[in-house]
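Please look over the two-chain model shown here. The briefing below covers the interface, the sheets and the cores.

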Amino acid sequence: MAQAIVKTKTPPQGLSDREGKYLTFALAHEEYGLEILKVREIIGYIDVTAVPQTPHYVKGVINLRGKVIPVIDLRAKFGMETSDVTDETCIIVVEISQAGSRLSTGIVVDRVQEVLDIAAESIEDAPQFGSSVDTDFIMGMAKVGDTVKILLDINAVLGTADFGGLL
Amino acid sequence: MFGRSSLEVKTCVPVCVIALLAFGAMVGLTFLKAEEIGYEMAGIAAVAWVLMGATTFYVVRRIARPLNRIVAELADGTEQIASASGQVASASQSLAEGATEQAAGLEETSSSMEEMASMTKQNADNARQADSLAQESNTMAAEGIDAICQMNDTMGLIQKSSDETAKIIKVIDDIAFQTNLLALNAAVEAARAGEAGKGFAVVAEEVRNLAIRSAEAAKNTTAMIEESVANAQQGVAITEKASGALEQILASVGKTVDVIGEIAAASQEQSQGIDQINSAIAQMDKITQQNAANAEESASASEELRSQADQMRGVVSQLLAMVGGLQASASGRRALTLSDRPLHDIAAGSRKPGAAESVIPLDHEDAAQGFNEFNA
């Protein structure tokens, strides 16, 4: 958590740190970006085994080549309304470091797009929406062509997640 | 004594007068010559002359009166025969004319019946032709419906093959998607590998491009398939409409065939009826011809009768002239009176010929006998 806060509070170094390759994906009408190094794998949507007594944004678990990993619905996590699974729905397996260990988690996204090389000049800080809104999980805003992609800090997104004892 | 007719007067009187004069002369002569032949002889001769005169007078009167009566009656009868035969002749003539007119009228009727018969025949021919045309239309409409069924089947086949093609396109689309994911994963691994993975990253990018192109092509093909499926469905809708129209055509053609069948049957009956009428008219014509011929015959016969009657009249008038003057013929030449009406009625056919016997008071056998006696 402190790590995340430190990251957003150091502009000049953070900017050059933030440049690199990002995996872009779409969720509802917005496009987001994930650091490529944090991405482990991308798989098409497979059936998720629901687990009882888990938060609403925890969809369940999947069996990925012998490993059981939890799957999170990012829409629910962000408080957006859930949608049906389409042909383009994918699961991005990300690696987060939590409590010192590396954990693999799957996040359900609507559409996976491409791997983009984003330069430091294109990245801007997240705008302040007021002190009550927590925008820690936004690393920055990347300008790609005409669109703006929200670069997520996946550690911040999932760090606050309570997996209900799954991990 | 000298009866009713002037005939008797004109016949008897001169004869009697002459006889009286003659016998008177003889008696006178006898008295003159009495001295020569003796008074007894003269007396006997005078008595004899007187007796002879009386006898002659009596005999002549006995003969003359019936003779006069007979001749008068003969003259009357002859007149009546002449007039009657004249009426019969005119009646026969008018009958002949009527029969001729009837024949002419029958000719006209017959010719118009011929026309009607030919028109009916034409009608029947036309009905037959229309019937065959309707049958042809029927067959063609049935063929049309068959063709449409075939078209429907073909459209079904098109639809099926479109569906299968769509399935295959879906498979290709899936493959493209999976390839895309693979390319992304490869890019992730290449990024992890850092510097060493730069070449691999390029390869991954190219693979991704290929996947994108496949997806594009699949999308286009799907669009085209949907278009062709939509066209096929439109074609199906149109064929259904055409099929409906053809069914209606079939129904109306069926009805037309029925109606035409009825027309043909009616024409046949009409034709038969006309044939019957034709034969009846032919018969009527024949009978009319016979009537005309008979009327002609009776006209000529009555002409002959009239000529004979005229001849008889001539003879009778000769006889009259011989017996007692030409006024005899005048008594017979009288205008047609009421008693002549029956003849007209006979000519018109309204009175039985038997009544004529009572009008012409000639007893045929007696008259013939009297005539023969007279002639002999």
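Chain B meets chain A through 8 of its residues, which are in contact with 12 residues of chain A. On the chain B side, the touching residues divide into 5 nonpolar, 2 polar and 1 charged. The model is predicted.

**Where the chains meet**

- Helix 3 of chain B lies across strand 3 and strand 6 (90-98) of chain A. Against strand 3 of chain A, the helix runs at about 175°.
- Strand 3 (39-44) of chain A is also an edge strand of a sheet, pairing on one side only.

**Chain A overall**

- Chain A holds 4 helices and 11 strands.
- Its length is 167 residues, and 29% of them count as buried.
- Take the contacts in chain A between residues at least 6 apart in sequence: 57% of these join residues at least 24 apart.

**The five-stranded sheet**

- This open sheet of chain A has the strand order 3-6-7-5-4, and its pairing is mixed.
- Strand 3 (39-44) and strand 4 (58-64) of chain A are the edges.
- On average, neighbouring strands here are turned by 35° against each other, with direction ignored.
- At one end of the order, strand 4 of chain A pairs with strand 5 (residues 67-73) of chain A. The two are antiparallel and share 6 bridges.
- Leu64(A) has Lys67(A) in strand 5 of chain A as its bridge partner.

**The six-stranded sheet**

- A further open sheet of chain A has 6 strands in the order 8-1-2-11-10-9, again with mixed pairing.
- Its edges are strand 8 and strand 9 (123-124) of chain A, each pairing on one side only.
- Strand 1 (residues 20-27) of chain A pairs with strand 8 (residues 111-118) of chain A, antiparallel, over 6 bridges. Within strand 8 of chain A, Arg111(A) is the bridge partner of Ala26(A).
- Strand 1 of chain A also pairs with strand 2 (residues 30-35) of chain A, antiparallel and over 6 bridges. Here Leu23(A) is bridged to Leu34(A) of strand 2.
- The hairpin of strands 1 and 2 of chain A has 2 residues between the strands. In this hairpin, Ala28(A) takes a positive phi near 55°.
- Ile123(A) has Ala142(A) in strand 10 of chain A as its bridge partner.

**Nonpolar cores**

- Nonpolar side chains tend to be buried together in soluble globular proteins.
- The largest nonpolar core in this model has 44 residues. Leu23(A), Leu34(A), Ile92(A) and Val109(A) have the most contacts inside it.
- Helix 3 (residues 39-193) of chain B supplies the largest share of this core, 7 residues.
- A second, separate core has 12 residues, including Ile81(B), Ala84(B), Ala91(B) and Ala309(B).

**Leu34(A) in focus**

- Which residues is Leu34(A) in contact with, leaving aside its neighbours within four places in sequence? They are Tyr22(A), Leu23(A), Val39(A), Ile92(A), Val94(A), Leu152(A) and Ile154(A).

Conventions:
Residues numbered from 1 in each chain as written. Chains lettered and ligands numbered in written order. Predicted model: local features only at pLDDT ≥ 70, side-chain atom pairs only at ≥ 80, totals over all residues. Core = buried A, V, L, I, M, F, W, Y, C linked by C-beta atoms within 7 Å. Buried ≥ 20, exposed ≤ 12 C-beta atoms within 10 Å, placed from the backbone. Contact = placed C-beta atoms within 7 Å. Nonpolar A, V, L, I, M, F, W, Y, C, P; charged D, E, K, R; others polar. Pairing = 2+ DSSP bridges. Axes fitted to C-alpha atoms, helices over the stretch in contact; angles between N-to-C directions.
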